[in-house]
Amino acid sequence: MLRHDPNNMSVLFGQTRTRIAARHALIAADSHVRSNVPGITAAATVVLISEAMGAQFSQSLVTFASGGSAVLPAGERQTVGYFETGGGVVTIGTLKQRCSAGGYFYAPSGEAWSITSPKAGTRATLFQKKYERLEGVTAPGPLIGAADRIRGEPFLGDPAACLQELLPDVPAFDLAVNIFTYQPGAMLPLVETHVMEHGLLMLSGQGIYRLEDAWYPVQAGDVIWMAPYCPQWFVAMGKQAASYLYYKNVNRPVR
Ligand code: UGY
Ligand code: MN
């Protein structure tokens, strides 16, 4: 079956906003290609960021059809899942709860987990990373939550740039997953350059993302990878707030 729209000039001339560089990437929805991932059925899985790209974690988008499921065995990787739309039943060991849009979960390494009975069309983003143990600290247990129950804090004192931390910021966690919401015109107050790595999904709105020495127009549905030390800056544009979900490695000794 013909998948492209023959009237779409971008495709006709081989154009896309997707850019893959050595230390950053922007992946626009028009360039998504599915992978078959063991344990995920009746769903389209797109592996957007992975070790194959140079990252030290993975970020995948799973779009479930009716009757779909993700049933993953216990392994060394921990998983944070976020329901962008729709919802489903999340089971992590003995913890079981229905999540709707804005719901999220943390499945520790060594625990099997699943998403079952999803609403057709449910979009879930999965961040996965090998857990780094910390001497004398007990690894975190499973967690299920909802973003609308997390208070936002002004970022570096700016109430127009609001940060929600979905996971507790305690030494047991070696990763953070946050939602950053910018009112139109609000921006990151500095060009951040840091050792932490990011994987990011634009949830709503639009703006300009600076990655290294390139400035990109971005919109809802775009995914960004920022390697350690990738200079980064964002400004929200247009008439609606812009928000993004992002991953960050945290709380571990300098290597
Ligand atoms: O947490 C962060 O490093 C965040 N301020 N970075 C970003 O939004 N690009
Ligand atoms: Mn950052």
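1. A polar contact here is a pair of N or O atoms within 3.5 Å; within protein, one must be able to donate a hydrogen and the other to accept it, and residues adjacent in sequence count only if both atoms are side-chain atoms. By that criterion, a nitrogen atom of ligand 1 is placed 2.6 Å from an N or O atom in the side chain of Glu-192. An oxygen atom of ligand 1 is 2.7 Å from an N or O atom in the Tyr-246 side chain, and a polar side-chain atom of Lys-248 lies 2.7 Å from an oxygen atom of ligand 1. The protein buries 97% of the 280 Å² that ligand 1 exposes when taken alone; accessible areas come from the Shrake-Rupley method with a 1.4 Å probe, and for residues only the protein chains shown count as cover.

2. The model is predicted: local features need pLDDT of at least 70 and side-chain atom pairs count only at pLDDT 80 or more, while totals for chains, interfaces and linings use all residues. Residues are numbered from 1 along each chain as its sequence is written, chains are lettered from A and ligands numbered from 1 in the order in which they are written, and side-chain values use heavy atoms, with hydrogens and water left out.

3. Which residues are around ligand 1? Counting residues with a heavy atom within 4 Å, the shell consists of Phe-155, Phe-180, Leu-188, Glu-192, His-194, His-198, Tyr-209, Gln-232, Tyr-244, Tyr-246 and Lys-248. Strand β20 (residues 242-249) supplies the largest share of this shell, 3 residues; helices (H or I, at least four residues) and strands (E, at least two) are DSSP runs, numbered from the N terminus. The shell comprises 6 nonpolar, 3 polar and 2 charged residues, where Ala, Val, Leu, Ile, Met, Phe, Trp, Tyr, Cys and Pro count as nonpolar, Asp, Glu, Lys and Arg as charged, and the others, Gly among them, as polar.

4. The manganese ion (ligand 2) is coordinated at 2.1 to 2.3 Å by Glu-192 (OE), His-194 (NE2), His-198 (NE2) and Gln-232 (OE1). Donors are N, O and S atoms within 2.8 Å of the metal (3.2 Å for Na, K and Ca); water is not among the atoms, so sites may look incomplete. The arrangement is octahedral because the 6 donor atoms around the manganese ion subtend angles of 77 to 175°; six donors count as octahedral if opposite donors are over 155 degrees apart and all others between 65 and 115.

5. The donor residues of the manganese ion follow the spacing E-x1-H-x3-H-x33-Q in sequence. His-198 lies in strand β15 (residues 198-204) and Gln-232 in strand β19 (residues 232-237), so this pair ties together parts 34 residues apart in sequence. Both His-198 and Gln-232 are buried; buried means under 20% relative accessible area, exposed over 50%, and partly exposed in between (1.4 Å probe, protein chains only).

6. Is Lys-129 buried or exposed? Lys-129, in strand β10 (residues 123-130), is buried, with a relative accessible area of 5%. Its side chain makes polar contacts with the side chains of Glu-132 (3.1 Å) and Asp-174 (2.6 Å).

7. Ala-42, in strand β3 (residues 40-49), has a positive phi of about 50° although it is not a glycine. Asn-251, in the segment after β20, likewise has a positive phi, of about 65°, and is not a glycine. Ala-42 counts as partly exposed at 40% relative accessibility, as does Asn-251 at 32%.

How values were computed. Four donors count as tetrahedral if all angles lie between 85 and 135 degrees; four count as square planar and six as octahedral if opposite donors are over 155 degrees apart and all others between 65 and 115; anything else is irregular.
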